[in-house]
Amino acid sequence: MHIITISNGKQFEARSDESLLDAASRGGVSLEHSCRTGRCSSCKCTVAEGSTRALHDELGLSDAERAAGWILSCVRSANSDVSLAIIDLGDVKTHPVRTVPCRIQSLEQLSDDVIKVLLRLPPSNDFAYHAGQYIEVIGRSGLRRSYSMANAPAANGQVELHIRQVPDGAMSQYWFEHAQANDLLRLNGPLGSFFLRNISGLDLVFLATGTGIAPVKAMLEALAGWEQDQRPRQVTVYWGGRKAAGLYCDLGALGVEYRFVPVLSRPDEDWRGARGHVQQALMADLPKLQETMIYACGSDAMIHGARAELTAAGLPEERFRSDAFVCSSAA
Ligand SMILES: Cc1cc2nc3c(=O)[nH]c(=O)nc-3n(C[C@H](O)[C@H](O)[C@H](O)COP(=O)(O)OP(=O)(O)OC[C@H]3O[C@@H](n4cnc5c(N)ncnc54)[C@H](O)[C@@H]3O)c2cc1C
Ligand code: FES
């Protein structure tokens, strides 16, 4: 076993055959992460001391980042005692990750290529999660794919998913051609650190593309139950797509006040709303970046672009939290 120390002095033990992220989780230390397959770069950090080994390709790092010594803790293990330049999520209580059976309650077509799936869990279940987190759905053949939960934890325990059809996608074929109410599946979760924390008094901005709106909807629903002194100063949602049809549902009233800005990158001529990318629409609104917290969810391209543009314009790096819907086949 090796001893891993993070910047605020917390320590955990790691075996040489497990990822630093898994070891941290086992040791009760929660680190920022999302995909857990080396693709999204949410778990990026540097090694201050000691030696590590890549368990899989670190696809989420650019050549420049690799050369500058960045690693991805979800696909790296320790070769020795290691000091990591990273801090944990602090006092946030995370919920245990479990695999539980579930059945499809209903399937609803939201647009040509997006469906809403409601999953029901056994009545005895106590599956708990933070709004914004995701689950892996495990099909009958063992195929697993990640999907963000689109609702805040509900009294009836049902979980809502928004699923986009990926052409020739293995799980897409199941959802769009075979899935039926009452089908038995399993889910594994909750996963990821994309949930609301430390936002009191800040301007909270959501940037979403496509089904990236799913966890945003869940977080807005959850915010409605927060104490006033924990809430952000204001909330704005920028939701981007190519065409108007890509903004496939009406978020409507969710119990919390928010400004909604639809953004299209390839709009028809009669479109009167914002044009371009979500981060451009945000910058056009002249945000006070020093007092802003960004939650960005959806395509990898949007997340990389938004992070680069907003931090270059003055957003502190730690105020950009993201969940990239990268391909979730195993690394
Ligand atoms: C943390 C996380 C949360 C996610 N949440 C959602 C969600 O809420 N709703 C949702 O619709 N999807 C979500 N995804 C994506 C989802 O998990 C699947 O990757 C996607 O639905 C494709 O699965 P598939 O089996 O249909 O396609 P696959 O058989 O896995 O892939 C088919 C082909 O498409 C490519 N491909 C697959 N996914 C992507 C992608 N995201 N971008 C570019 N190319 C891709 C593959 O490389 C392959 O060539 C999430 C992914 C992650 C990592
Ligand atoms: S790259 Fe490590 S969590 Fe996504």
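**Around the ligand**

Visitor: How many residues surround ligand 1, and which are the closest?
Guide: Ligand 1 has 25 residues around it. The closest are Ser 146, Gly 169, Met 171, Ser 172 and Ser 328. A residue is near if its C-beta atom, placed from the backbone, lies within 6 Å. This is a predicted model: local features need pLDDT of at least 70, side-chain atom pairs count only at pLDDT 80 or more, and totals for chains, interfaces and linings use all residues. Residues are numbered from 1 along each chain as its sequence is written, with chains lettered from A and ligands numbered from 1 in the order in which they are written.

Visitor: Which elements give two or more residues to that shell?
Guide: β11 (144-148), β12 (159-164) and α3 (170-178). β11 gives the most, with four residues. Helices (H or I, at least four residues) and strands (E, at least two) are DSSP runs, numbered from the N terminus.

Visitor: Where does ligand 1 lie relative to the domains?
Guide: Between domain 2 (98-191) and domain 3 (203-324), because both give residues to its shell. The bounds come from an automatic or database domain assignment.

Visitor: Back to β11. Is it largely enclosed or open?
Guide: Largely enclosed, because four of its five residues are buried. Buried means 20 or more other C-beta atoms within 10 Å of the residue's own, with C-beta atoms placed from the backbone.

Visitor: How does β11 pair with β10?
Guide: In the antiparallel sense, over five bridges. Strands pair if DSSP finds at least two bridges between them. Ile 135 has Tyr 147 in β11 as its bridge partner.

Key:
Buried ≥ 20, exposed ≤ 12 C-beta atoms within 10 Å, placed from the backbone.
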